[in-house]
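Here's a quick tour for anyone meeting this chain for the first time. Have a look at the sequence and the model, then read on.

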Amino acid sequence: VEVARFPGQIFVVNNESQVDKAIDALLDDLNLYGNGVGIDFEWKPELERGDRSPIATLQLCSGALPER
């Protein structure tokens, strides 16, 4: 089995003061590659009617999409 390696940077943002650095890195990638952004949200399951669970994790990624 071939193992894939991620050559990019990973930013873990735990508080508001870290947001600007992560956004700057995302925008730099968009300026460099310009054609791909992915968004993923995670939250605790809402098992009963009326339950409201806040988003616990937001993941953003950017980079070049493969040519077709």
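## A first look

Leu26 counts as buried, because its relative accessibility is 18%; buried means under 20% relative accessible area, exposed means over 50%, and partly exposed lies in between (1.4 Å probe, protein chains only). This is a predicted model, so local features need pLDDT of at least 70 and side-chain atom pairs count only at pLDDT 80 or more, while totals for chains, interfaces and linings use all residues. Residues are numbered from 1 along each chain as its sequence is written, and side-chain values use heavy atoms, with hydrogens and water left out.

**The chain as a whole**

- The chain has one helix and two strands, where helices (H or I, at least four residues) and strands (E, at least two) are DSSP runs numbered from the N terminus.
- Starting at the N terminus, the order of elements is α-β-β.
- The radius of gyration is 16 Å, well over the 11 Å that the globule rule gives for 68 residues, so the chain is more spread out than a compact globule. That radius is taken over C-alpha atoms, and the globule rule is 2.2 Å times the number of residues to the power 0.38.
- Picture a box of roughly 45 × 35 × 25 Å along the principal axes: the C-alpha atoms fill it.
- Accessible areas come from the Shrake-Rupley method with a 1.4 Å probe, and for residues only the protein chains shown count as cover.

**Back to Leu26**

- You'll find Leu26 in helix H1.
- Setting aside neighbours within four places in sequence, Leu26 is in contact with Leu60, Cys61 and Ser62; contact means heavy atoms within 4.5 Å.
- Leu26 and Gly63 are 37 residues apart in sequence, yet their C-alpha atoms are 8.8 Å apart in space.

**The nonpolar patch**

- Which residues form a nonpolar patch on the surface? They are Val37, Ile39, Phe41, Trp43, Ile55, Leu58 and Leu60, with about 710 Å² of accessible area together.
- Patches take residues with over 30% relative accessible area and no salt bridge, joining like charges within 9 Å and nonpolar side chains (Val, Leu, Ile, Met, Phe, Trp, Tyr) within 5 Å. A salt bridge is a side-chain nitrogen of Lys or Arg within 4 Å of a carboxyl oxygen of Asp or Glu.
- Strands S1 (37-43) and S2 (55-62) each supply at least two of the patch residues, and the largest share, four residues, comes from S1.

**Trp43 and Ser53**

- Trp43 sits in strand S1 and counts as partly exposed because its relative accessible area is 45%.
- Beyond its neighbours within four places in sequence, Trp43 is in contact with Ser53, Pro54, Ile55 and Ala56.
- Between Trp43 and Ile55, twelve residues apart in sequence, the C-alpha to C-alpha distance is 4.8 Å.
- Ser53 belongs to the loop between S1 and S2, and its side chain reaches the backbone oxygen of Lys44 at 3.3 Å.

**Ser17**

- Ser17 lies in the segment before helix H1 (19-32) and is exposed because its relative accessible area is 64%.
- The side chains of Ser17 and Asn15 are joined by a polar contact of 2.5 Å. A polar contact is a pair of N or O atoms within 3.5 Å; within protein, one must be able to donate a hydrogen and the other to accept it, and residues adjacent in sequence count only if both atoms are side-chain atoms.
- From Ser17 to Gly50, 33 residues along the chain, the C-alpha atoms are separated by 33 Å.
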